[in-house]
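Hi there,

Here is the structure I said I would pass on. My notes on some of its helices follow below.

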Amino acid sequence: MLRRLAASSVAFGLALASTTRVETARRPRYGGTLRVEIGAKVSSLDPAVAAANSEEAAAKAQLAALTYDHRNPDKTFAGAGAFRISAWEAGKSVTLAANDDYRSGRPFVDSIEIQMGRSARDRLLDLELNKTDLAEISPEQGRHAGERGVRISTSQPDELLALVFVSGRPAAEDERVREAIARAIDRAAIVNFILQKTGEPAGGILPQWSSGTAFLFSAAPDISRAKELSSQITRSPRLLLGYDFGDPLEHSVAERIVVNAREAGITVTSDSIQRSAAPHPDAALERWRMESQHPRESLANFIEALRAEGVDGGEACEMLPAPATPEQIYGCERGIVSSYRVVPLVWLPQIYGLSARVRDWKAPAPGEAWPLGDVWLDGEAP
Amino acid sequence: MHALVDRIAAASTAHATLVFELKNISSLSAVDANGIREAIQTELIHRGFRIASTPSAGTELRLTLSEGADSYVWVAEWRAKEQPEMAILAVPETSDAGAIGTKNSVRLESKLIWQQPDKLLDFAVLTNPGNPASTIVTLEPGRVNWHSPGAFQKGSSPGIDVLRKKPWPRDVHGIIDVEGKKILLPEMECQGDIENAAGIKCVPSKDTSFLDGPSIHVPGHEESESALLGERCGRLFIILASGNGDWTQPDTIQGYALANLDGQATASGSPIEFDGPVLALYREGKQSAARAIVHNLKTGFYEAYIVTATCSQ
């Protein structure tokens, strides 16, 4: 901005010193209860007790980050955190009270009330009715929520939705089948129509903002090549595509893949699945959230997750050094994608709805906890 | 840059004609990208390559300036002996910034400290031993207020009036200098320990040097608010400067890096945006931070920010 008016600017006005008191000034203030709603149902706060699913595991990690000071290298939690648990009802609610003696300073809010197991629809409704201060919003609802006046906070896209072909399933053993399906998928349509323009088409294993090389992976469909591959397969298999039975986004994406595969001449049916229960799918939709913004660490975590699914990362990943150059990281990603065992689909951001009184909230980066110790509440309690 | 050209040279036919195309998808400015283009072209010519501008005149060499979480990433793609070749390099340092353009190594973050409906000239954050909340001192035309933790909620902030014989100028500026134990206003100076309101004494002063504005400027932003930060980013000095609009427009603060105080300042990192003009920008102590006063045009409030520069070396 221009620094000031010309030196000859005329000074006028009353000479009386201002004595106006600051009635409406705002700065971080202490007190109040932050109301949070999440979809997960946390059944045990004991970090040693395994979570039933990735949603519960993520919620549990957030609670641990609030109530413990730090995490040891062996991944155990230690020390008193910013909050302590004052009330707990397994799977339903937890109340956290501010720790006055927290070594990094007492949190601004006095307490946090977390309601668990709230559906996406109920969370959005409660945000609109000002019945909650902070709630997760599913990516496909983000745009809609913003249009309805909900205050939105969006992270960098840090969660990969991918199609993973299950190792050992005969229907998916022919690489041409996998490649044909991978090339037939219209990722842009998934982003534009199912996700309502939230997220990004994914061609690689890491997002562009992390690796800097995602632009080298094509995310565009190539239906003519998909048809060509399909025509080379003498006995076209029928594949079953599984998706999480409680995830409407995965359901919609699975249906889109079924349509795209059919265009390429491959028959895919989709069905919701529960782990360890029949029917066993030939491919499944998987969500994978980055644990670090650094590409090498994230890729290593992804390879570990792939191994648990019985998918090999390939030679370039086996030899991935630490630290790794962008070229080595790209080589590993290329190796994974080229096997067509894993087909990246879209990158999803984490979306949060906030009430008007929430201040100093910043969407956490991958691996970071919710910054609820820094959040303060402005205005009267509802 | 040399490593990249080495890779291209090793995999290409000697004295080949290259059609060089550069694409910048990083946060580097167009000026920096052009600097990199020129430097690489010069280096390629030095190695015996010919550079053509017509697409069909030679081998296409495409360089993409990209960026990841850890560093800049430069990707060169070309064909050699009918085979596609690729080189990917991390470019993490600013050491040769002058030769190949400047890496955007300064990340800015702003934190709102205070806002009020009345005109605000400057502020200071005083830490209280044993108390996590700080006391905020605010300077208005003719008034200094001390807002101890919680006091603002009751509207009973203590303060002192600074009486001046003449009216305050419309473009009044003022500075709180905690270390120097003084508060400067046009033709007025208050001296004493800033932490103690009762000990402050205000007298007329002829010292108007602070009204001259910052002693260092970014070219093209001579009339902007600017502040030279107390810490360097490696060897580089860091200047923060506001935009060039007037007081009716949203504004930005941009970080600039320069190797020496007489040298050329180059934009570094992304600017941060504000909903109104930046009215004042002052260095905050000896740190990589500055105090910014913003007039928020949406709310009408005057806002006090601490803007922190992080050096991503």
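Which residues of helix α3 (residues 139-147) of chain A are buried? They are Pro139(A), Glu140(A), Gln141(A), Gly142(A) and Ala145(A). Please keep in mind that this is a predicted model. After α3(A) comes Gly149(A), which has a positive phi, near 90 degrees.

Next, a pair of helices. Helix α4 (residues 175-184) of chain A packs against helix α7 (residues 223-232) of chain A at an angle of about 160 degrees, and their axes are 8 Å apart. Since angles over 145 degrees count as roughly antiparallel, that is how α4(A) runs relative to α7(A). Their crossing is left-handed. On the α4(A) side, the contact is made by Arg176(A), Glu179(A), Ala180(A), Arg183(A) and Ala184(A). The α7(A) side brings Ile223(A), Arg225(A), Ala226(A), Leu229(A), Ser230(A) and Gln232(A) to this contact.

Finally, helix α8 (residues 248-263) of chain A. Its 16 residues reach 23 Å from the first C-alpha to the last, close to the 22 Å expected at 1.5 Å a residue. Buried in α8(A) are Leu249(A), Glu250(A), Val253(A), Ala254(A), Ile257(A), Asn260(A) and Ala261(A). Looking down the axis of α8(A), you will find these buried residues within an arc of 125 degrees, so they line one face of the helix. Gly265(A) follows α8(A), and its phi is positive, near 95 degrees.

How values were computed: Residues are numbered from 1 along each chain as its sequence is written. Chains are lettered from A and ligands numbered from 1 in the order in which they are written. This is a predicted model: local features need pLDDT of at least 70, side-chain atom pairs count only at pLDDT 80 or more; totals for chains, interfaces and linings use all residues. Helices (H or I, at least four residues) and strands (E, at least two) are DSSP runs, numbered from the N terminus. The expected span of a helix is 1.5 Å times one less than its number of residues. A residue is buried if 20 or more other C-beta atoms lie within 10 Å of its own, exposed if 12 or fewer, and partly exposed in between; C-beta atoms are placed from the backbone. The arc is that of the directions from the helix axis to the C-beta atoms. Axes are lines fitted to C-alpha atoms, for helices over the stretch in contact, and angles run from 0 to 180 degrees between N-to-C directions. Angles under 35 degrees count as roughly parallel, over 145 as roughly antiparallel, 65 to 115 as roughly perpendicular and the rest as oblique. A crossing is left-handed if the near helix is turned anticlockwise from the far one by less than a right angle, and right-handed if clockwise. Two residues are in contact if their C-beta atoms, placed from the backbone, lie within 7 Å.
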